[in-house]
Amino acid sequence: MTVAVKDLSQDRQKQMIASHYARLSRAGQEGRKVVYTFVPGNLTELLNNLGLLPVLPEINALQSGMRGKTGEYIQVAEKAGHSEDVCTYVKADIGMLKSGNLGPTGEPLPRPDLLLLSYTGCFTFLKWFELLKREYDCPVVMLHVPYQGDGQITPAMRKYVSDQLRDVVIPALETLAGRKVDYDLLSEQLALSARAEEDLVWVLESAKHRPSPIDAYFGGVYYIGPIFTSFRGTTDAVEYYQLLRQEIQQRMDQGLGPVTPEGTLSQEKFRIVVEGPPNWTSFREFWRMFYGEGAVVVASSYTKVGGLYDRGFRHDPTQPLDTLADYCMGCYTNLNLPDRINLLEKYIHDYSADGFLINSVKSCNSFSAGQLLILRELEKRTGRSGGFIESDLVDPRYFSAANIKNRLESYFQMVDAKRARA
Amino acid sequence: MSLETLESAPATGALAELVAHATRLYEDLELKGVRDWKAQDPSRRAIGFLPVYVPREVIHAANALPVGIMGGGDQIEIVRGDSYFQSYICHLPRSVIELAVSGRLAALDGLVFPSICDVIRNLSGMFKVLLPDRWVHYLDLPQNFDRESGGRFYRHEMATIAKGVSALTGVEVTNERLSASISLYNENRRALAQLQQMRVASPWQVPATEYYLLLRASYVLPPQEHTDLIRRYMQLSAASGRVEQDNIRVMVRGAFCEQPPLGLLRTLERAGCYLVDDDLVLGARFIPQPIAQDGDPWQALVDAFLYHTLPTASKYDVQASKEADLVQSVKEVRADGVLLMAPSFCDPALLDQPMLAHALEKAGIPFTSFKYAEDTGQFQVIREQAGTFADAIKLWGTT
Ligand code: SF4
Ligand code: SF4
């Protein structure tokens with residue numbers, strides 16, 4: 001029975017993704033317009049409302065990483081003049097583009113009819129689309145999303161974003177789509193978003209339970225898939241999260257730990273909070289280093305990059321533009337550093353974590369700059385053990401398995417020793 | 001080995017004194033000069049700002065001195081700063097943290113961190129944690145250049161800065177005060193534009209290091225004093241009898257944030273390159289033209305930012321025109337070639353480079369690129385690279 005429910009949610013996600021790529025491959029024949037855009041601060045409801053098809057270059061880079069392609073793509077980009085110092089998502093994408101732009105199905109992805117640049121939480125997005133603009137020569141529409149520098153969303157910030165949505169983004173999308181936004185439909189979509197968000201939060205918070213029925217990082221990245229990409233605001237997403245919730249409820253009822261690639265984790269030895277993105281090129285190997293030690297990630301910041309819902313935000317169907325603005329401004333990397341520290345501290349307490357670990361990725365200054373201060377502050381405030389490892393998102397040259405494994409092993413020993421003393 | 005390795009004749013007499021004064025200001029990492037300025041009037045305050053640009057007029061109008069924080073260069077030993085940053089993050093934030101935790105920024109009553117990249121952005125939060133008693137503000141410069149949305153937002157941001165600084169000085173930023181500050185900074189803009197013209201016309205009279213030191217001085221001196229300094233420098237240098245060397249004329253792009261050490265600029269000149277244009281200390285001339293002085297001063301600052309700032313990697317290139325701007329600038333300053341030099345691990349500058357390089361290639365403009373850090377100590381490789389670049393241009397007009 002457990003297996004059946006699990007299969008349903010996984011199958012459902014697979015079907016959703018497959019049908020999205022099928023739509024993309026038919027886009028040319030069917031005359032559907034394609035918009036490239038980013039995960040944090042995405043405007044999926046609007047795109048779907050207008051029948052536009054999103055492509056997310058970060059997801060392409062991530063999937064290429066998991067398929068072992070990015071080493072080659074990054075080299076292609078570096079040969080074309082890109083520095084070895086910069087974000088490897090960008091280089092993986094440029095390299096993929098220069099190698100035929102083949103998507104995960106092996107078919108070429110359609111070219112963009114428009115680049116929708118909303119760069120919540122990272123300046124590199126801006127450069128990324130400047131680069132793509134030179135490759136595709138299609139229009140770019142920019143949504144500037146201000147940063148929560150003072151730890152809050154002010155009315156001026158909200159107005160700035162919603163004005164841009166109304167005056168710049170929506171008119172451009174409408175022109176591309178050849179039709180107007182249907183605001184009644186948009187409200188319905190936003191209500192669907194909120195329903196899925198509610199269930200996603202339930203799923204993520206299930207990790208407060210002992211043993212945790214989920215791994216909120218390695219498993220978490222699968223759970224956020226639909227809502228962070230093309231499906232927020234759809235019935236597909238609502239149904240997926242309902243299924244997932246049922247499945248996890250069952251695991252919890254049965255006292256089961258999280259599913260790993262090698263089956264259910266039988267003994268939860270360490271409960272860990274993780275800050276920073278995972279590595280994609282050696283994802284399974286990286287994961288094994290955790291579950292092999294009996295470590296379960298009970299909360300992570302990475303699963304909040306495409307939307308931070310566990311502090312109460314839900315899309316509000318009655319205020320479509322303001323709510324989209326608040327969503328964009330609320331994504332994790334748009335929080336200032338003190339607020340990130342506060343959030344992680346809360347996770348450590350709320351999820352009864354034994355310690356926390358930072359995976360610092362070379363690519364991503366947005367995440368990484370300041371993480372050593374986060375480490376110190378969290379250690380100081382919580383008294384729990386902090387660990388620090390370095391890798392990269394999709395550049396295999398920066399995943400040193402032996403080194404990371406060593407560090408993790410010593411880290412878990414440290415957590416153990418500290419716990420024994422407590 | 002370079003064909004010509006002559007650099008501009010060193011300054012002598014009054015000119016040498018002026019350059020020595022500018023050098024002392026540059027080396028004053030303890031901000032002693034700022035403290036002296038504050039000591040003259042107990043109501044005075046000093047506000048630090050990070051690269052690239054902040055509207056200094058607003059800070060000045062609130063009776064505070066805007067002080068540019070450009071890192072520690074090669075002048076400080078990083079004792080604690082490195083423990084705050086991973087090896088793959090540029091150097092500037094670690095020296096800025098070093099300055100802060102070692103107490104060298106104590107003269108500053110507040111700090112403004114403009115939106116330029118994720119490192120400076122996150123650094124603002126680190127300052128909030130590390131210096132909780134200090135007023136720390138993140139300035140979100142608009143990337144939407146529409147007057148109604150970006151403009152209105154920016155106006156609000158400036159009002160927030162005015163409020164924050166006024167709370168420290170007790171001086172409200174009235175329209176009159178703001179207009180007076182704009183007028184002072186406009187004078188400064190005119191003087192800097194004249195200095196730039198002089199450099200383009202006769203770069204041997206404005207050696208790269210001296211030009212650079214003068215720009216840096218604008219980050220610690222009150223505007224009027226800085227304007228006087230530039231004017232005096234121009235007179236003295238014009239009369240100094242320096243003679244032209246057989247150097248090529250180069251333009252520098254990519255050095256808008258973390259600054260190269262002085263030795264690197266000297267090396268470029270020794271390798272046979274006159275710098276006729278660059279983006280060092282860019283905030284000092286980010287708005288090169290005087291700002292409108294009639295009408296609403298706030299709106300004038302908004303419009304100047306939206307419509308008259310120079311292109312740079314940290315600013316969204318709405319019209320995708322940075323390449324055309326670059327090629328045009330090369331023509332205007334009659335540069336023989338371009339040095340694309342960027343700090344190591346600087347995402348904005350390094351992500352911009354392929355676009356700029358492509359444009360230069362297409363336009364047949366010679367260029368070479370290299371990376372540096374503010375504390376680069378070995379210049380041999382750069383000297384050879386720049387020397388070879390200069391030689392090739394001298395011999396064949398191309399590389
Ligand atoms: S810097 Fe980080 S957030 Fe930005 S594009 Fe790269 S990986 Fe994504
Ligand atoms: S040098 Fe570049 S990456 Fe570093 S702080 Fe400056 S702009 Fe940001």
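Predicted model: local features only at pLDDT ≥ 70, side-chain atom pairs only at ≥ 80, totals over all residues.
Q: Why is the pair Lys127(A) and Asp352(B) called a salt bridge?
A: The rule asks for a side-chain nitrogen of Lys or Arg within 4 Å of a carboxyl oxygen of Asp or Glu. Here the side chains of Lys127(A) and Asp352(B) meet at 2.8 Å, N to O. That value is within 4 Å, so the pair counts as a salt bridge. Across the interface of chain A and chain B, the rule finds 7 salt bridges.

Q: How do you know how many residues of each chain take part in the contact?
A: Contact means heavy atoms within 4.5 Å. By that cut-off, 57 residues of chain A are in contact with 49 residues of chain B. Polar contacts are counted as well: there are 28 residue pairs between the two chains, both residues at pLDDT 80 or more. The side of chain A that touches chain B has 26 nonpolar, 17 polar and 14 charged residues.

Q: What makes up the area buried between chain A and chain B?
A: The two chains bury about 4500 Å² between them. Of this, 60% is on carbon and sulfur atoms. The figure is summed over both parts, so it does not belong to one chain alone.

Q: How do you know which residues line the second largest pocket?
A: A lining residue has an atom within 4 Å of a pocket point. The lining has 47 residues, with Arg253(B) and Pro288(B) among those nearest the centre. α7(B) gives the most, with 7 residues. The pocket's volume is about 1200 Å³.

Methods
Residues numbered from 1 in each chain as written. Chains lettered and ligands numbered in written order. Heavy atoms only, no water. Buried area = accessible area lost by both parts, 1.4 Å probe. Polar contact = N/O pair within 3.5 Å; in protein donor to acceptor, adjacent residues only side chain to side chain. Nonpolar A, V, L, I, M, F, W, Y, C, P; charged D, E, K, R; others polar. 1 Å grid on protein atoms, 1.4 Å probe; cavity = no way out; pocket = protein on both sides within 12 Å on 5 of 7 lines; lining within 4 Å. Points joined across faces, edges and corners; volume = space filled by probe spheres on them. Helix = DSSP H or I, 4+ residues; strand = E, 2+ residues; numbered from the N terminus.
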